[in-house]
Amino acid sequence: MRVFGTERSVTLPQRIAGVLLTEIGDYCFSGARHLPAEYEKTEPLLLDGEPVPVTELAGSFPVEVILPDTVQKIGSFAFYNCTALEKLELGRQMDTVGSDAFMNCRSLCGITVRCGVSEKSGMRKILSQISSDIEVTFEKEKQVDAIVFYPEYYESLDEITPAHIFSRSIEGEGFRARQCFRDDVADLAMYDAIFPKACAGESKKTLHKIVCTRLRYPVGMTENSRLLYETYVRSHDLEMAEWMVREKMLSDFQYFCGQMLFSEDAIEEGIRTAVGTEWAEGVTSMLHIKRELHVKHQQFGTQKVKRYSFDED
């Protein structure tokens, strides 16, 4: 019903006073006052007999919330107006989400669900309430199984006068991406199929994120989809290299270089951007990559990576 503590990141236990925690109540993390008076906490928390100041973990206070595997339901408005909440982690048993549970969670950008991407989870229900950019990590046995980026979308109602009939319009492929589930299991082949349409309307940054996460974790990817994503990278490698460096995505940059998806020009662009942003670690790593490529060219002959156009038939 309510959580109190001292840290902005909180991990809830599986049991409270010996009772399983199975539900996050309505307005639990919301800043709204809703508890009956007898439940309001007035006494200070004692630690070794000394009072410890505690804070309601609600409203703009919590930054990260980790729910135990036992939680099966998130109540209505549970995270209402949690404007600073950035990360949420939960188990696969969560299968019920109340109305407007994540209303005004403007900073929420990452959700981790502790199950494989091919397993049932409550992610479809959660995503249906979040229209902003969100990155979902499927983590199985503490290992990342897949990361899927769901871009934002906009929904509006347009009145048709004088009949006062409203027409619903949706902009952005993020809505279609959120429908890519079958029986509450993420359907990544269906997700990959929306990429050509996304290329026509989404921003470059959004496309970069989709391509990067799918190529890094190609679960359920067909050969045709892989070739489509790789063709996109080779057509936009300079832009992607700059973007990765500005976002300090060093492991992703190294991976794309290792897969020969970035040309020498893209690596040079990455180095220039890292120097310009004074990212010393990135400069050192990319210079090492450049030296390795130079050695390979000397051993096997100079052959630049072929560049493709994403617009070619």
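## Reading burial, rings and a pocket

Colleague: At 2% relative accessibility, does Phe-262 count as buried or exposed?

Modeller: Buried means under 20% relative accessible area. Phe-262 counts as buried because its relative accessibility is 2%. Remember that this is a predicted model. Phe-256 also counts as buried, at 0% relative accessibility.

Colleague: How is a pair of aromatic rings described?

Modeller: Two values do it: the distance of the centres and the angle of the planes. The count here comes to twelve aromatic pairs. One of them is Phe-79 with Phe-102, a stacked pair at 5.4 Å centre to centre and 5° between the planes.

Colleague: Which parts does the pair of Phe-79 and Phe-102 tie together?

Modeller: Phe-79 sits in the loop between strand E10 (73–74) and E11, and Phe-102 in the loop between strand E12 (96–97) and E13, so the pair links parts 23 residues apart in sequence. Both Phe-79 and Phe-102 are buried. Compare Phe-256 and Phe-262: that pair is tilted, with 5.4 Å centre to centre and 35° between the planes.

Colleague: What of a charged residue? Is Glu-89 buried or exposed?

Modeller: Apply the cut-off again. Glu-89 is buried because its relative accessible area is 19%, and buried means under 20%. Glu-89 belongs to strand E11.

Colleague: Which side chain makes a polar contact with that of Glu-89?

Modeller: Arg-114, at 2.9 Å. Look at the wider surroundings too. Leaving out residues up to four places away in sequence, Glu-89 touches Val-65, Ile-66, Leu-67, Thr-112 and Arg-114.

Colleague: Now the largest pocket. How much space lies in it?

Modeller: About 610 Å³. Its lining has 24 residues, and Cys-109, Gly-110, Glu-135, Thr-137 and Ile-147 are the closest to its centre. Next, read the lining by element. Two or more residues each come from strands E11 (87–91), E13 (110–114), E14 (134–140) and E15 (143–150), and from helix H5 (204–216).

Colleague: Which element gives the largest share of that lining?

Modeller: H5, with four residues.

Colleague: And what is the make-up of the lining by class?

Modeller: Eleven residues are nonpolar, four polar and nine charged.

Colleague: One last element. Which residues of helix H7 are buried?

Modeller: H7 spans residues 237–246. Its buried residues are Asp-237, Met-240, Ala-241, Trp-243, Met-244 and Val-245. Then check the backbone past the helix. Lys-248 follows H7 and has a positive phi, near 55°.

Notes. Residues are numbered from 1 along each chain as its sequence is written. This is a predicted model: local features need pLDDT of at least 70, side-chain atom pairs count only at pLDDT 80 or more; totals for chains, interfaces and linings use all residues. Side-chain values use heavy atoms; hydrogens and water are left out. Buried means under 20% relative accessible area, exposed over 50%, partly exposed in between (1.4 Å probe, protein chains only). On a 1 Å grid over the protein atoms alone, a cavity is a set of points where a 1.4 Å probe fits but cannot get out, and a pocket is an open set with protein on both sides within 12 Å along at least five of seven lines; lining residues have an atom within 4 Å of a point. Grid points are joined across faces, edges and corners, and a volume is the space filled by probe spheres set on the points. Ala, Val, Leu, Ile, Met, Phe, Trp, Tyr, Cys and Pro count as nonpolar, Asp, Glu, Lys and Arg as charged, and the others, Gly among them, as polar. A polar contact is a pair of N or O atoms within 3.5 Å; within protein, one must be able to donate a hydrogen and the other to accept it, and residues adjacent in sequence count only if both atoms are side-chain atoms. Contact means heavy atoms within 4.5 Å. Rings of Phe, Tyr and Trp (its six-membered ring) pair if their centres lie within 6.5 Å; planes under 30 degrees apart count as stacked, over 60 as edge-to-face and the rest as tilted.
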